[in-house]
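Me: Got a model to go through with you. Can you take my questions as they come?

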Amino acid sequence: MNLFVPFVMGLLSSTHCLSMCGPIASTLTFSLTQKVRVEVRYLLPYLLAYNFGRILIYAVMGTFFGALGAFFFKVLPLGHLLLQGICIILIVGTGLYLGDWFPDFARIEMISIFLWRRLEIYGRNLLPVDSIFQALVFGMFWGWLPCSLIYSVLALATVSGGPIEGLLVMVSFGAGTLPIVAGAGLLPKKLPEVSKCLRYFPIKQFVAVSFVVFGCLEFFHLLISFKNFAD
């Protein structure tokens with residue numbers, strides 16, 4: 001269940017991922033040679049390399065924050081409960097943001113904007129991508145793109161129990177985002193049409209409410225954990 005939740009969060013984030021990462025994926029495809037673009041057998045390895053690099057960085061983040069959370073829990077008796085509370089706030093905030101009910105939540109992306117501005121320069125130097133290895137390295141820079149969704153899942157990784165658990169949480173989330181991001185690179189000309197479909201009001205609201213509901217379920221879990229700690 002701990003891995004199923006971030007995977008579903010990755011799948012449900014399709015509307016957001018398509019607007020954030022979809023243009024990057026489609027632009028990268030259009031920058032490849034004509035031979036690579038028209039043949040799926042040539043294009044697919046590039047798309048897998050981009051996304052493997054991206055998810056690899058998610059795994060590194062998950063490992064670090066999982067270890068940090070485990071250490072924090074050992075130092076403070078109520079540390080894990082505090083981290084769970086922060087996790088709930090981030091997940092609910094993400095849901096409200098996806099539903100356009102709390103657009104200011106996007107400001108949380110400013111946390112890593114300074115790091116991203118420096119890394120982006122090196123990423124741009126890799127363009128145009130003309131090898132699988134270059135695509136892998138570019139994907140690793142891509143993984144640092146500021147995203148409120150990633151931060152909410154990183155919160156899950158922090159309370160997962162340790163570095164391995166945190167790694168698995170982020171890999172599971174990355175796997176959930178893979179279909180839409182890879183699909184945007186595989187069918188770049190269809191991106192506007194698919195994006196319009198996914199932004200259709202009921203779909204967008206369903207995704208937003210799903211995040212809020214999950215946050216509320218985590219809140220009840222937090223109350224139970226607090227009661228057990230008090231007893």
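Reply: The chain has 12 helices and 0 strands, counted as DSSP runs numbered from the N terminus (helices: H or I, at least four residues; strands: E, at least two). This is a predicted model, where local features need pLDDT of at least 70, side-chain atom pairs count only at pLDDT 80 or more, and totals for chains, interfaces and linings use all residues. Residues are numbered from 1 along each chain as its sequence is written, and side-chain values use heavy atoms, with hydrogens and water left out.

Me: What radius of gyration does the chain have, and why does it agree with a compact globule?
Reply: It has 18 Å; a compact globule of 231 residues would come near 17 Å, so the two agree. The radius is taken over C-alpha atoms, and the rule is 2.2 Å times the number of residues to the power 0.38.

Me: And what box do the C-alpha atoms fill?
Reply: Roughly 65 × 35 × 30 Å, along the principal axes.

Me: How many of the residues count as buried?
Reply: 47% of the 231. Buried is under 20% relative accessible area, exposed over 50%, partly exposed in between (1.4 Å probe, protein chains only).

Me: Switching to cysteines. How many disulfides?
Reply: The count is 0, with a disulfide being a pair of cysteine sulfur atoms within 2.5 Å.

Me: Is Cys87 buried or exposed?
Reply: Cys87 is buried, at 1% relative accessible area. Cys216 is partly exposed, at 37%.
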